[in-house]
Structures are given as structure tokens and as C-alpha cells.
Amino acid sequence: MTAAIEIRDLHKSFGPVEVLRGVDFTIARGEVVCVIGPSGSGKSTLLRCANLLEQPTSGRVAVDGVDITDPHVDIDQIRRRIGMVFQQFNLFPHLNVLKNLTIAQRRALRRSEAESIRVARENLARVGLADKELSYPAQLSGGQQQRVAIARALAMGPELMLFDEPTSALDPELVGDVLSVMRGLADDGMTMLVVTHEMGFAREVADRVVFMDGGVVVEDGRPQEVMGNPQHARTRSFLGRILHPNRSDPALDATA
């Protein structure tokens with residue numbers, strides 16, 4: 001079976017700074033992969049290269065067997081199959097929730113108004129916000145806005161969802177509702193690539209956890225392996241700092 005995403009020898013540089021230094025991994029259809037690692041490790045850049053929001057310096061990214069780095073590929077057509085949720089919600093402040101969910105459906109997918117409204121309402125119910133369709137973004141909490149952003153992505157009918165630290169901009173008490181929606185998507189079989197600092201979510205929901213540092217994949221395996229019994233000293237140091245923030249770790253301090 002063709003992989004949902006296949007990444008081979010991916011490099012990305014910004015000027016003289018090499019952010020990705022030969023990343024390789026594959027995501028199967030229906031698989032949930034969480035990418036963890038320290039800030040600056042290349043996680044978000046990897047995600048943005050996965051749908052060509054960032055053009056890789058070299059390497060190959062294939063979505064359902066289609067090499068999206070090929071200049072002859074219709075990338076807009078490929079992107080319609082990929083939903084992306086960012087740290088910031090990127091909602092149109094002058095449009096109510098329902099219109100935020102229907103505008104891309106009508107313009108990109110050419111759906112009728114009636115069909116786009118039906119799909120929008122279906123997905124608002126899916127994220128627990130059926131009663132907010134006439135609200136404007138400023139009238140919603142951060143967690144509600146992020147759930148609207150997820151519903152908007154789902155309304156496009158994606159086969160794959162990319163999440164770039166979707167809870168990092170939220171107050172702690174608002175994180176749970178967003179993670180609950182993402183758990184539901186995973187239970188429904190959605191293929192998901194998630195950059196996250198939420199270790200509990202990664203442990204409980206991911207089929208695989210990828211630990212990145214310095215622009216490379218350091219460890220890749222099942223959550224109980226990578227998080228429960230990490231084989232690399234850098235992974236142990238990172239998890240020790242994240243899971244036990246008050247504990248000094250000389251190994252981590254030495255590599256910081």
C-alpha cells in the first residue's frame with residue numbers, strides 16, 4: 001500500500017543555517033505520528049515542507065505516491081487533500097464562524113452554498129461547536145477558535161491532517177477540549193502528523209513518536225519505546241527536562 005507521506009533525505013536551509021539535515025520517515029494511511037523535540041530542532045519546518053509551504057532545499061516528499069517536489073505537480077490540487085492547523089488560528093475576524101467554514105469550500109471546491117453550509121455544520125458539531133456558527137472569532141475563547149480552525153480544515157475533506165503545535169498558544173485550561181477533538185479524529189482513523197509539546201497526548205494517542213533534534217530524526221518508534229525506554233542520551237535528556245522540569249540534568253545542560 002502506498003504511504004500517506006514518504007519523506008526521503010529532506011534538507012532545508014535558510015541562508016547559511018541548515019534546519020533539516022537529511023530527514024527520512026514514512027507515515028502509513030490511518031497512522032498518527034507525533035513529532036517531539038526542543039525548540040529549533042526543525043519540527044515545524046518539517047511540517048511545512050510536508051505540504052510545500054516551505055520549499056525543501058533538496059530531498060523528496062511524496063503524498064500518496066505523488067512527488068510534490070516535482071515542479072510539474074499541481075500542488076494546489078494536492079493541498080486540497082491535506083488539512084493544516086497552525087499555532088495561530090488564522091480565522092477571518094470579519095466573518096462569523098459559519099462563513100469562515102464555507103468560504104474555502106465554495107471558492108476552492110466549488111461547492112454550492114447549501115452543500116458548504118451542510119458540511120460546515122456537520123464539522124462544527126464534530127468539534128462540539130454547533131451552537132457557535134453565528135459567533136465571530138473575537139467572541140470565542142482561544143480553544144474555541146482553534147476548534148473552529150480544525151473544523152474548517154475538516155470541511156475541505158482532507159485525507160491527511162497536519163498539526164503544528166495546535167495547543168501552544170492556548171491557556172492551559174483550554175488545551176483539553178482541543179486535544180479531545182484530536183483524539184476523536186485519531187479514533188476515526190484520520191492520518192495525522194502532529195508537532196506537539198503535549199507528552200500525554202503523544203503517549204496516549206500516537207501510533208509512533210518521532211524525536212527530532214538538530215534537524216535530524218534521533219529516535220522513531222512506538223510511544224512506549226521512545227518515551228518509556230529511550231535509547232539515545234539526547235532523547236532521555238529532553239524527556240527528563242519535559243517530564244521532570246525541576247530536575248537538573250547535566251547531560252541536557254551540556255548540549256543546550
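Me: At what angle do helix 3 (residues 97-108) and helix 4 (residues 113-126) pack, and how far apart are their axes?

Reply: They pack at about 125°, with the axes 9 Å apart. An axis is a line fitted to C-alpha atoms, for helices over the stretch in contact, and angles between N-to-C directions run from 0 to 180 degrees. Keep in mind that this is a predicted model, with local features needing pLDDT of at least 70 and side-chain atom pairs 80 or more, while totals for chains, interfaces and linings use all residues. Residues are numbered from 1 along each chain as its sequence is written, and side-chain values use heavy atoms, with hydrogens and water left out.

Me: What makes helix 3 and helix 5 (residues 142-154) roughly parallel?

Reply: Their axes come within 9 Å and cross at roughly 30°. That value is under the 35 degree limit, so helix 3 is roughly parallel to helix 5. This crossing is right-handed too. Val97, Asn100 and Leu101 of helix 3 meet Val148, Ala151 and Arg152 of helix 5, which gives 4 nonpolar, 1 polar and 1 charged residues.

Me: How do you know that strand 1 (residues 5-14) and strand 2 are paired?

Reply: Pairing needs at least two bridges found by DSSP. Strand 1 and strand 2 are joined by 8, running antiparallel, so they pass. One of the links is glutamate 6 with threonine 26 in strand 2. The hairpin between these strands has 2 residues, and glycine 15 takes a positive phi near 65° there. On to strand 4: strand 1 pairs with strand 4 in the antiparallel sense over 5 bridges, and arginine 8 has arginine 60 of strand 4 as its bridge partner.

Me: What is the strand order in the open sheet of 4 strands?

Reply: The order is 2-1-4-5, with antiparallel pairing. Strand 2 (17-27) and strand 5 (66-67) are the edges, each pairing on one side only.

Me: Why are strand 6 (82-85) and strand 10 (216-221) edge strands?

Reply: They sit in an open, mixed sheet of 6 strands, ordered 6-7-8-3-9-10. Strand 6 and strand 10 each have a single partner strand, so one side of each has no neighbour in the sheet. Neighbouring strands there are turned by 15° on average, direction ignored. Inside the sheet, strand 3 (residues 32-36) and strand 9 (residues 208-213) pair in the parallel sense over 4 bridges, with cysteine 34 partnered by valine 209.

Me: Which residues does serine 44 touch?

Reply: Leaving out residues up to four places away in sequence, serine 44 touches Gln87, Asp164, Glu165 and Val195. Touching means heavy atoms within 4.5 Å. The 6.9 Å from serine 44 to valine 195 runs C-alpha to C-alpha, across 151 residues of sequence. Serine 44 itself lies in helix 1.

Me: How confident is the predictor, going by the average pLDDT?

Reply: The chain averages 92, and 95% of the residues score at least 70, on a per-residue confidence scale from 0 to 100. Over residues 248-256 the pLDDT is below 50, and this stretch has 10 contacts in the model beyond near neighbours in sequence.

Conventions. Angles under 35 degrees count as roughly parallel, over 145 as roughly antiparallel, 65 to 115 as roughly perpendicular and the rest as oblique. A crossing is left-handed if the near helix is turned anticlockwise from the far one by less than a right angle, and right-handed if clockwise. Ala, Val, Leu, Ile, Met, Phe, Trp, Tyr, Cys and Pro count as nonpolar, Asp, Glu, Lys and Arg as charged, and the others, Gly among them, as polar.
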